[in-house]
Amino acid sequence: MSELSNNEMMNDFRWIMDVVQNVDVGLVLLDKDYNIQLWNSFMQNHSALYAEEIIGKNLFESFPEIDEKWFNRKVESIYLLKNSAFTTWEQRPYLFKFDNYRPITGRAEFMYQNSTFIPIQGLTGEISSICLIVYDVTEQAINNLELEAANNKLEIISQTDGLTGLYNRSAWEDQLEKEFDRLQRYREECSLIIFDIDHFKKVNDNHGHPAGDEVIKKAAEITQKCIRKTDIAGRYGGEEYVILLPHTSIDCAEVLAERIRKKIEELTVHYDDTAINFTVSFGVSCYHESLKSATGWIDSADKALYESKKNGRNQVSIFQHKNN
């Protein structure tokens with residue numbers, strides 16, 4: 001081989017090493033025993049470990065944050081199939097736990113990473129080592145996470161009544177329809193409560209609409225404190241509320257309605273210098289196979305509410321289904 005060819009090879013080698021060292025991704029070469037054979041500048045800068053400090057050392061001993069069992073399964077499939085493998089930040093936020101240093105994505109505590117695992121063949125054609133390529137995707141990850149959080153918040157806002165924090169009517173009715181469809185298949189116990197504030201117009205007329213809003217909020221707060229996490233409460237109208245009670249008998253629903261009624265009856269709402277007392281009336285209806293629709297179920301509870309109003313208010317009435 002001529003001296004010129006040797007010089008060309010050395011120049012090519014230096015060029016390759018220059019690229020390896022200065023490329024804006026992490027490059028790590030591992031032998032079959034997971035000892036580190038290559039550690040480029042990206043890895044050096046983010047780990048604060050120079051190549052001469054880390055080369056020859058075991059990957060897992062040097063970076064205990066790496067899940068060894070998971071990593072072994074990943075690499076074994078590469079040796080078996082002789083194909084590259086990938087992992088993204090959505091699957092695993094990082095491979096190496098590096099601090100995040102970018103000011104734009106300063107809200108991240110660590111560098112989010114995508115990683116590629118590439119099999120490297122030796123002279124015999126057998127895979128002799130694995131090359132890891134580590135990409136910093138912190139900015140993309142943070143943008144995606146913030147967008148997801150914003151979308152989740154918007155979804156919650158779109159389902160929530162702004163005054164009470166309960167489900168709004170549309171969102172609550174969606175939940176009712178889903179539960180009604182499920183009950184038609186499984187025929188389980190479930191009950192529905194509807195109630196409203198007695199003589200609410202007088203509250204507004206005597207104390208003003210802001211005071212009326214405070215009364216509506218307080219009734220919702222008591223409701224939230226009385227129900228279970230699995231119960232679904234909503235504001236159905238101006239001063240009207242609904243509660244869906246999965247896996248609940250009519251007797252248990254009546255007990256809950258009485259509890260809410262008594263707590264509201266004992267409540268005094270203070271607004272400015274005014275003390276306001278008020279009561280509520282209830283209608284309760286259980287799911288029954290005679291019901292043809294979710295709307296019919298609400299109507300049955302509403303009929304029971306009408307009975308409470310007709311009989312003097314501040315009480316709980318139960319709708320009696322036929323064949324009960």
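A charge is said to sit over a ring if NZ of Lys or CZ of Arg is within 6 Å of the ring centre and within 35 degrees of the ring normal. In this predicted model, Arg92 meets that description, since it lies over the face of Trp70 at 4.0 Å from the ring centre.

- An open sheet is built from 5 strands in the order E2-E1-E5-E4-E3, and their pairing is antiparallel.
- At the edges of this sheet are E2 and strand E3 (85–87), each of which pairs on one side only, and neighbouring strands are turned by 20° against each other on average, with direction ignored.
- Strand E1 (residues 26–31) pairs with strand E2 (residues 36–39) in the antiparallel sense over 3 bridges, and within this pairing Val28 stands opposite Trp39 in E2.
- The two strands E1 and E2 form a hairpin that has 4 residues between them, and in its turn Tyr34 has a positive phi of about 65°.
- E3 and E4 also run antiparallel and are joined by 3 bridges, with Ala85 standing opposite Phe117 in E4.

**The helix across the sheet**

- Helix H5 lies across E1, E3, E4 and strand E5 (127–136), and it runs at about 125° to E5.

**Aromatic pairs**

- The structure holds 19 aromatic pairs, and one of them joins Phe71 and Phe117, whose ring centres are 5.4 Å apart and whose planes stand at 55°, so the pair is tilted.
- Because Phe71 lies in helix H5 (residues 68–81) and Phe117 in strand E4 (residues 113–121), this pair ties together parts that are 46 residues apart in sequence.
- Phe71 is buried, with a relative accessible area of 0%, and Phe117 is likewise buried, with a relative accessible area of 0%.
- The rings of Trp172 and Tyr236 have their centres 6.0 Å apart and their planes at 80°, which is over 60 degrees, so this pair is edge-to-face.
- This second pair links distant parts of the chain, 64 residues apart, with Trp172 in helix H7 (residues 169–186) and Tyr236 in the loop between strand E7 (232–235) and strand E8 (240–246).
- Trp172 counts as buried at 0% relative accessibility, and Tyr236 counts as buried at 10%.

- The charged end of Arg169 sits over the ring of Tyr236, 3.9 Å from its centre.

Notes
Residues are numbered from 1 along each chain as its sequence is written. This is a predicted model: local features need pLDDT of at least 70, side-chain atom pairs count only at pLDDT 80 or more; totals for chains, interfaces and linings use all residues. Side-chain values use heavy atoms; hydrogens and water are left out. Two strands pair if DSSP finds at least two bridges between them. Rings of Phe, Tyr and Trp (its six-membered ring) pair if their centres lie within 6.5 Å; planes under 30 degrees apart count as stacked, over 60 as edge-to-face and the rest as tilted. Buried means under 20% relative accessible area, exposed over 50%, partly exposed in between (1.4 Å probe, protein chains only). Axes are lines fitted to C-alpha atoms, for helices over the stretch in contact, and angles run from 0 to 180 degrees between N-to-C directions. Contact means heavy atoms within 4.5 Å.
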